[in-house]
Each structure stands twice: as structure tokens, then as C-alpha cells.
Amino acid sequence: LEGGVTIQMVALRLASTAALGAAALLCAPLPPPRVATRMCLASEATQLLHSAAQAASEQQLRLRKTQAVGQAAGAGRVASAVYLVGVGPGDVELLTVKAVRLMASADLVLYDRLIAPEILSLVNPNAAMLYVGKEAGLHTRPQEQIHELLLQFATSGRTVLRLKGGDPTVFGRGGEELEYLEQRGVPVHIVPGITAAAGIAADLRVPLTHRDYADSVRFITGHARSECTATVQERYDWAHLADSKTTLVIYMGLSTLRELAGGLIEAGLSADTPAVAVQDGTTYTQRVVAAPLACLAEEVEQAGLRSPTLVLIGSVVSLLQQKEGDEEERQELSPTTSVTLTVEQARDMVAQMQPRA
């Protein structure tokens, strides 16, 4: 490179100084090779300078391997965004500010069964609402149809909110909806919510981890896919689950609680391990049943708990039992004894917020 640049510089010098004579040209000093190289690179870099908008567009291609900023997601159609929004475990005051803002400006909302009415009251009153909830034995729409609806609504130019209880990607099928829409060019934004495990444990004042009791936590589902034919005993790696230093949180495990408890005990977890089942956690209809693991299923059946019920198993639950004599104070401190955030207050709060670019 340096040799080529030197030859080019000599040729240019010959052309520009021909009138002075060949002898004068041959005696003229040439710039050192490295200096000539730096001059060439500086000139080339100057020609490549570009605007911030162009930089963003090119970076979109480099890093995300998608169309440049400003290009359409598909030929002949422009897709609006779909927001997968988690609304927390039920207590309206556990909503994120971002969730409240998006609900107040949504065009169309698809919502699940476990969304509290107090939360739905915060949605834009002019938004179109569609119920797509599921419960055992009763699915208003199959998941595949929900995917298609999200796609159709988004490509019609509407801003679509998909409201989900808890966090949309923790046993909420948010990952499936994200994958389906992105494969078809629809922008998807995930707004995390407080998952039931965190919200309910906090309301009980039971830490999910604690240096003296548990150094890890595992979320598992007690509900299998509809096409799954394996028994409960065949579904899980019981040896790994039956760890006395791990807190287990079971979502959707009410119908299989007896089999789950039996599998853990058979795998070596103590039958006396503290456990608790919580129905309608963080809401004013919350019900709590605490018992040793071996007795929990029977106690839950006698109490008549219904779905949704979350189950926590592990030594950390013993901290709940230590507080049983302090129930009055717990009720006074609990944020779920009443809903203090009114619809008007929430909308005023949204009106004062500036959306992030």
C-alpha cells in the first residue's frame, strides 16, 4: 500500500511540475511513505462521514440484520406495534408506570382471565376490548387463533396491547406470541410485570431466597401442554427439584398438587418441609393455607381453594409460620386490604408523564 501511494504521489508531482523541468522534479523531496498513507486515509474518511440518521439506518442492518430504519416491515403493509404487557399478580398498585401509560393510550386490547377489573378500568375508555381468557376446560379461543388475531389487528394499523397477568414471559405464553409476530415482521415490545411468585411472596413477607434457608429459587408449572401424555411422575427431574436449599414455586399446580408433593417426598425432600398455597394472591379475596408438604394437598382440598392458586415450598416458608401471631400487624401493612389508587389518580399520573422516545 505504501509503495503504491508513493508511486501515485510521484505521478501527480510529475504532472503538476512538468513546466519546471524534469531535473527540478527529480530533485524535489517526496513525503515519507507513512505520511502519504495518513493523508490518503484522512481524505477517504472525510468522504465517508454521514449523518446520525444514516448511521442509525446502517447500524440496524449491521446488528439486527433487518430492514433499515424507516423501511416498511412488509411489502404493501405497515405493521403497528404489539405490546405484551404484564399487569402483575392482581393488586392494582403493583402495576408499572409504563403499563399504566400504555393502557391509557391503547387502540385495541386483548386481555386474559386473571386481569382484575380495577386494572381494566384504567384502559383507554375508547379502546376496543377483546376477551381471550383461558381456564381449565374452557378456552374462549385457541392460542393459534390469538396469534392470528394479534397479527391481523397489528397490520391494520392499530396499537395493540396484549394484557397478561403477572409477567408475560413467565408461564404466560408471551414467548410464543413474540416469536410468531416477529417472524411475520410485526414489532413487539415486552413490558415486564411483577410475576405472581414475587408479588405473593412479598405480600406474605416471605423471601424467595435467604442466606440461612435457600440459595436458589425455581419456578415450575404443574400444568402440562394439552398434547402431553406423560404422567406427573414422568414429567419432572425430581432429584433436582427435591433440594432443601431451593425454594420451589409452583404455578398452575392446584389439580396436580398431591402428585407433586408425593414426587418431591419420594425423591428425598422432607415431608415436614414448610409449604403454603395462596389463592387470588395480593387481592382482597386472597386466601392462604399453610401446612407441611405431606399435608398441604389435603389441607387445600378441605379449604376449597380454587384457581388461581400459587404454591411455595421450602424452608423460607417457615418465616411465614413465625409471623402467624402477628397477623393483625400484617393486615395493617398489607397493600391489598384496599385499593387506594383510583382511576382518576392513575389517569392524572399518566397525563403528567412524557413517553420515552
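1. Helices (H or I, at least four residues) and strands (E, at least two) are DSSP runs, numbered from the N terminus. The axes behind such angles are lines fitted to C-alpha atoms, for helices over the stretch in contact, and angles run from 0 to 180 degrees between N-to-C directions. The model is a predicted one, in which local features need pLDDT of at least 70 and side-chain atom pairs count only at pLDDT 80 or more, while totals for chains, interfaces and linings use all residues. Residues are numbered from 1 along each chain as its sequence is written, and side-chain values use heavy atoms, with hydrogens and water left out.

2. Two strands are said to pair if DSSP finds at least two bridges between them.

3. Strand E10 (residues 274–279) has six of its six residues buried, so it is largely enclosed by the rest of the structure. Buried means under 20% relative accessible area, exposed over 50%, and partly exposed in between (1.4 Å probe, protein chains only). In a regular strand the side chains alternate between the two faces of the sheet. Here Pro274, Val276 and Val278 point one way from E10, whereas Ala275, Ala277 and Gln279 point the other way, and all are buried.

4. Ala275 has Ala291 as its bridge partner in E11. Five bridges join E10 to strand E12 (residues 309–313), again antiparallel. Val278 stands opposite Leu310 in E12.

5. E12 also pairs with strand E9 (residues 246–251), through three bridges and in antiparallel fashion. In this pair, Leu248 stands opposite Ile313 of E12.

6. What do Phe171, Val217, Phe219 and Met252 form on the surface? These residues make a nonpolar patch with about 310 Å² of accessible area together. Patches are made of residues with over 30% relative accessible area and no salt bridge; like charges are joined within 9 Å, nonpolar side chains (Val, Leu, Ile, Met, Phe, Trp, Tyr) within 5 Å. A salt bridge is a side-chain nitrogen of Lys or Arg within 4 Å of a carboxyl oxygen of Asp or Glu. Val217 is found in strand E8 (residues 216–221). Val217 counts as partly exposed because its relative accessibility is 32%.

7. There is also an open sheet of five strands in the order E3-E2-E6-E1-E7, with parallel pairing. Strand E3 (128–131) and strand E7 (188–191) stand at its edges with a single partner strand each, so one side of each is left without a neighbour in the sheet. The twist averages 20° from one strand to the next.

8. Strand E1 (residues 82–86) is joined to E7 by four bridges, and the two run parallel. Tyr83 stands opposite His189 in E7. Helix H5 (residues 97–105) packs on the sheet and touches E1, strand E6 (160–164) and E7; the direction of H5 makes about 135° with that of E1. Contact means heavy atoms within 4.5 Å.

9. Two loop residues deserve a line each. Asp112 is found in the loop between strand E2 (108–111) and helix H6 (117–120), and is buried, with a relative accessible area of 17%. Leaving aside its neighbours within four places in sequence, Asp112 is in contact with Tyr131, Val132, Gly133, Arg162, Leu163 and Lys164. Val186 lies in the loop between helix H8 (174–183) and E7, and counts as buried at 2% relative accessibility. Val186 and Leu150 are 36 residues apart in sequence and 9.5 Å apart in space, C-alpha to C-alpha.

10. For the chain as a whole, the secondary structure comes to 16 helices and twelve strands. Of its 357 residues, 38% count as buried. The accessible surface comes to about 19900 Å², of which 55% belongs to carbon and sulfur atoms. Accessible areas come from the Shrake-Rupley method with a 1.4 Å probe; for residues, only the protein chains shown count as cover.
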